[in-house]
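The sequence and the model are shown first.

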Amino acid sequence: MGLLAVSYVGMGVFVFAIGSIAWSLTATYTDQHSLLLTSLFLTVVNLIGVWRWLGRQARHEDGSSKAVRKSSQAGNALKLFSASGAVGANVIDANGDKLGVIVDLMLKRDQRELAYVVIAQYGLGGVGETLRAVDPTRIEFTGGFARSKMSRRELDALPALQADDWPSALPPQERRPNAGASGALDRN
């Protein structure tokens, strides 16, 4: 999950925590015991959520960001890119135009390689979106976004995926000749 999404979730849980505290106070002042018990339970759940999303998850995101930054400063061939940072990242073309958003990275279990990248195009909040499986060698992961080596026309020409039925491997027509191992996780 991208850092922005973590912040929104964390802030949402924080707002719910404030709401449950307010309901607890209201129940106390109006002498409504059932409402008080329910509100106190929700307050505890919401405070755990605040810790989870604004504390624990934020530390994980900080660790990930620092590893990416160190990797880019090290000057070696190994450049890291956070998988959680990839999900939700905008995909842009060579002109800087947005082509879509990364929905998921499908990994090969027995190798250290990406099988394919799922990109959502168009749609608003998931309504009317089109999902496409893209060869990872056609995506360059950089800071905060992914640059596509494909044009919008090439991406639009790829077959759409069913939202609930993705392929077990990159469809053969999507594979580029001589793709090699450049889609390997340890090289991106």
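The protein has four helices and seven strands; helices (H or I, at least four residues) and strands (E, at least two) are DSSP runs, numbered from the N terminus. Along the sequence the elements follow the pattern α-α-α-β-β-β-β-β-β-α-β. The model is predicted, so local features need pLDDT of at least 70 and side-chain atom pairs count only at pLDDT 80 or more, while totals for chains, interfaces and linings use all residues. Residues are numbered from 1 along each chain as its sequence is written, and side-chain values use heavy atoms, with hydrogens and water left out.

**Overall values**

Of the 188 residues in the protein, 32% are buried. Buried means under 20% relative accessible area, exposed means over 50%, and partly exposed lies in between (1.4 Å probe, protein chains only). The protein exposes about 11,700 Å², and carbon and sulfur atoms supply 59% of that area; accessible areas come from the Shrake-Rupley method with a 1.4 Å probe, and for residues only the protein chains shown count as cover. Among contacts with a separation of 6 or more, 49% are between residues 24 or more positions apart. A contact means heavy atoms within 4.5 Å.

**The sheet**

The seven strands form an open sheet in the order β5-β6-β1-β2-β3-β4-β7, with mixed pairing. Its edge strands are β5 and β7 (160-161), each of which pairs on one side only. Two strands count as paired if DSSP finds at least two bridges between them. Strands of a sheet pair through backbone hydrogen bonds, either parallel or antiparallel.

| Strand pair | Direction | Bridges | Example of facing residues |
|---|---|---|---|
| β1 (residues 90-92) and β2 (residues 98-107) | antiparallel | three | V91 and G100 |
| β2 and β3 (residues 114-121) | antiparallel | six | M106 and Y116 |
| β3 and β4 (residues 130-134) | antiparallel | five | A120 and L131 |
| β1 and β6 (residues 145-148) | parallel | three | I92 and R147 |

Two hairpins lie in this sheet. β1 and β2 are separated by five residues, and G96 in that turn has a positive phi of about 90°. The hairpin from β2 to β3 runs through six residues. L107 stands opposite L114 in β3. Eight of the eight residues of β3 are buried, so β3 is largely enclosed by the rest of the structure.

**Nonpolar cores**

A nonpolar core is a set of buried Ala, Val, Leu, Ile, Met, Phe, Trp, Tyr and Cys residues joined through side-chain atoms within 4.5 Å. The largest one has 15 residues, and those with the most contacts inside it are V91, I102, L105, V117, V134, I139 and F141. β2, β3 and β5 (139-142) each supply at least two residues of this core. A second, separate core has eight residues, including A115, Y116, A120 and L161.

Which residues does L105 touch, leaving aside its neighbours within four places in sequence? They are A83, A86, L114, Y116, V117 and F141.

**A helix position**

T43 lies in helix α2 (residues 33-73). T43 is buried, with a relative accessible area of 10%. Its side chain makes a polar contact of 3.1 Å with the side chain of S20. A polar contact is a pair of N or O atoms within 3.5 Å; within protein, one must be able to donate a hydrogen and the other to accept it, and residues adjacent in sequence count only if both atoms are side-chain atoms. Leaving aside neighbours within four places in sequence, T43 is in contact with S20, I21 and S24.

**Salt bridges**

The structure holds two salt bridges, each defined as a side-chain nitrogen of Lys or Arg within 4 Å of a carboxyl oxygen of Asp or Glu. One joins the side chains of K108 and E113 at 3.1 Å, N to O. K108 is partly exposed at 31% relative accessible area, whereas E113 counts as buried at 18%.

The side chains of R138 and E154 meet in a salt bridge at 3.6 Å, N to O. This pair links distant parts of the chain: R138 is in the loop between β4 and β5, and E154 is in helix α4 (residues 152-157), 16 residues apart. R138 is buried, with a relative accessible area of 14%, and E154 is partly exposed, with 33%.
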